[in-house]
Amino acid sequence: MSRQAGWIAIAALVIVLPIHGRADSRSVWWTGPCLAAADTADDVVDAAVLLLTQSTQVDRRGTHNLLLKAIRHLNDPATKPLFEYLANAEHPGLKIHGILGLAEVSPDSRVDLALIAQIEDPLVQSTIITAAMDAELLDHDQAKQMLQWDGLAQEVKVLVAIRLIEAGEFSDTAMLHSALTGAKKLGGTALAALLLVQLDDPAGLAHLRNVIDASEDSQRDTVRGMLLQTALKHEFSRISPWALEIARNPDSDPALALLAMRTALRFGEPGAADLWQTRFGAAADSPASRARLALTALHLAPWLEPGLFEVISQDDDPMLKVIGKAGTQIATGSDGAGDAACALLEFGHPMINAWALSYASDHAAEFDAQIILLGLVLAYEHSPQRGKARRLDEAVQAAEALYKRSPDAAIKLLRPMLADPATDRLVVQAILLGLIRSREAGAFDVVDKLVSQLNSLDAQGLALLLLARTDRPMDEKQMQDLSMYARGGGRLEDSLRIQASWLYLKRIGRTQQALDRALGKTTP
């Protein structure tokens, strides 16, 4: 039995027992020896001030973005002064971080509409609103209030309407009709048309056919692809007849046609399954085309009829045979869906692994999700050298998804791997980084009492960062080590190092001092 098969077998036993940076093969989180400098709180303050100052200064490498995302990741109300400062910045990128950061640390986790109202640039407004709604920082009542603002750009109103229509709380077709003619760009009129289609207003489909499809704008296909992606994301099912028209049109760009077919299939448009079967049969001499069509069907398996996968199961390609089996199991709701999905991971195909992560996170039954995510964590050790960097990133995402979906299962499944000295050290680090990305203080439970047993100093440092995010006490040695990492020991990446320095200073009560200096309120 392979090592991966062994772990999955263990998973089958323990899952049912309930209990109460880019990674690559060079270990980019840790790239050098530890420092031997004296442990002083003043040094950590200095290090934090430097990093906080860098976070407020825009550079072409995007360092400020990485640092600000890391600070926001902590979700600490004590960072409020920093985000207040950024919310009033001139640079739009800093302003966006500031407004979103303030929302994340506010007691009600809601964006401040007054700050959005002060912004004159519709693009910046749109970016903040979209991000806030994605993160559930803007509720429907706030969205309705924004639609009443005088002077709010038409394209911004359309973006707000998307979420309200998705929730069944919008019916103002007059506003959307106005946007059909008032929007300045093709994409703005197209989104308004999409929403009218979803509201069953015939003007929407007429606009898509007569204006968007007939446009000679160089961005036409980009806009049409955006509409299809938007419909899939928000489940705007009434777009499916138009999607099928694009998929059937022989002059359509192949990538756009495939996306259109996926949209029509997803919403059960009559004729879409027949078109898929025709295209699959016509691709007999094109393995790549058959693979793309098979993967399209696999993504949609929860909504498709099982019979569609029969032709895939009969293909001569070994990978497609397994896709056909997995699709059938998922479409029928079989108990074997998780095992079939895990069998696909053996091929190491990046698109299959991306599907597996999405399926396990959003659609799979609890047991199936856990063994699929565990399989993704384990895939690194068995992948060819050229694919190891990608597999390691997938392991990080899988560990994060596993903890978010089931903390108890994460403890049962990941803890033995962390304790096993034979587990590849980079896999251990990937698991720990995934736990850090989960943003949950309880994630430390996965590694509790194992820190000193971890098989590398790198892993021990990441585990220490997990501990520092909890309210558990830290002993003198742990505080010394945290101070070392904050000051650059081990050359921890800056996005994690700024968290280490902040968490250290919070434990000794000096975060405000660092903020005051970084924001120019005091001198060293």
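Predicted model: local features only at pLDDT ≥ 70, side-chain atom pairs only at ≥ 80, totals over all residues.

**Helix H27, overall dimensions and some local sites**

Staying with H27, the helix covers residues 476-486. At its start there is a contact from side chain to backbone: a side-chain oxygen of Asp-475 comes to within 3.2 Å of the backbone nitrogen of Lys-477. Which residues of H27 are buried? They are Met-479, Leu-482, Ser-483, Met-484, Tyr-485 and Ala-486. As for what they pack against, the partners of these buried residues are helix H2 (41-55), helix H26 (457-468) and helix H28 (494-508).

Now the whole chain. The secondary structure consists of 29 helices and 0 strands. Along the principal axes, the C-alpha atoms fill a box of roughly 70 × 65 × 40 Å.

Next, a helix pair. H8 is made of residues 140-147 and H9 of residues 154-166; the two pack at an angle of about 150°, and their axes are 10 Å apart. The crossing of H8 past H9 is left-handed. On the H8 side, the residues that meet H9 are His-140, Ala-143, Lys-144, Met-146 and Leu-147. On the H9 side they are Lys-157, Val-160, Arg-163 and Leu-164. Sorted by class, this contact has 5 nonpolar, 1 polar and 3 charged residues.

Leu-147 sits in helix H8. Is Leu-147 buried or exposed? Its relative accessibility is 12%, and because the cut-off for buried is under 20%, Leu-147 counts as buried. Leaving out neighbours within four places in sequence, Leu-147 is in contact with Lys-157, Val-160, Leu-164, Phe-170 and Met-175. Computed along the chain, Leu-147 and Ala-161 are 14 residues apart, while their C-alpha atoms are 8.2 Å apart in space.

On to a loop residue. Asp-315 is in the loop between helix H18 (310-313) and helix H19 (318-332). With a relative accessibility of 7%, Asp-315 counts as buried. A polar atom of the Asp-315 side chain lies 2.8 Å from the backbone nitrogen of Asp-317. Setting aside residues up to four places away in sequence, Asp-315 touches Phe-280, Arg-290, Leu-320 and Lys-321.

Last, two backbone angles. Most residues other than glycine have a negative phi. Where does Ser-109 lie? Ser-109 is in the loop between helix H5 (92-105) and helix H6 (113-117), and its phi is positive, near 50°. At 30% relative accessibility, Ser-109 counts as partly exposed. Arg-439, also not a glycine, has a positive phi of about 70°. Arg-439 is found in the loop between helix H25 (425-437) and H26, and it is partly exposed, with a relative accessible area of 38%.

That is what I have; I will take questions now.

Notes. Residues numbered from 1 in each chain as written. Heavy atoms only, no water. Axes fitted to C-alpha atoms, helices over the stretch in contact; angles between N-to-C directions. Helix = DSSP H or I, 4+ residues; strand = E, 2+ residues; numbered from the N terminus. Left-handed = near helix turned anticlockwise from the far one by under 90°. Contact = heavy atoms within 4.5 Å. Nonpolar A, V, L, I, M, F, W, Y, C, P; charged D, E, K, R; others polar. Buried < 20%, exposed > 50% of the residue type's maximum accessible area, 1.4 Å probe, protein only. Polar contact = N/O pair within 3.5 Å; in protein donor to acceptor, adjacent residues only side chain to side chain.
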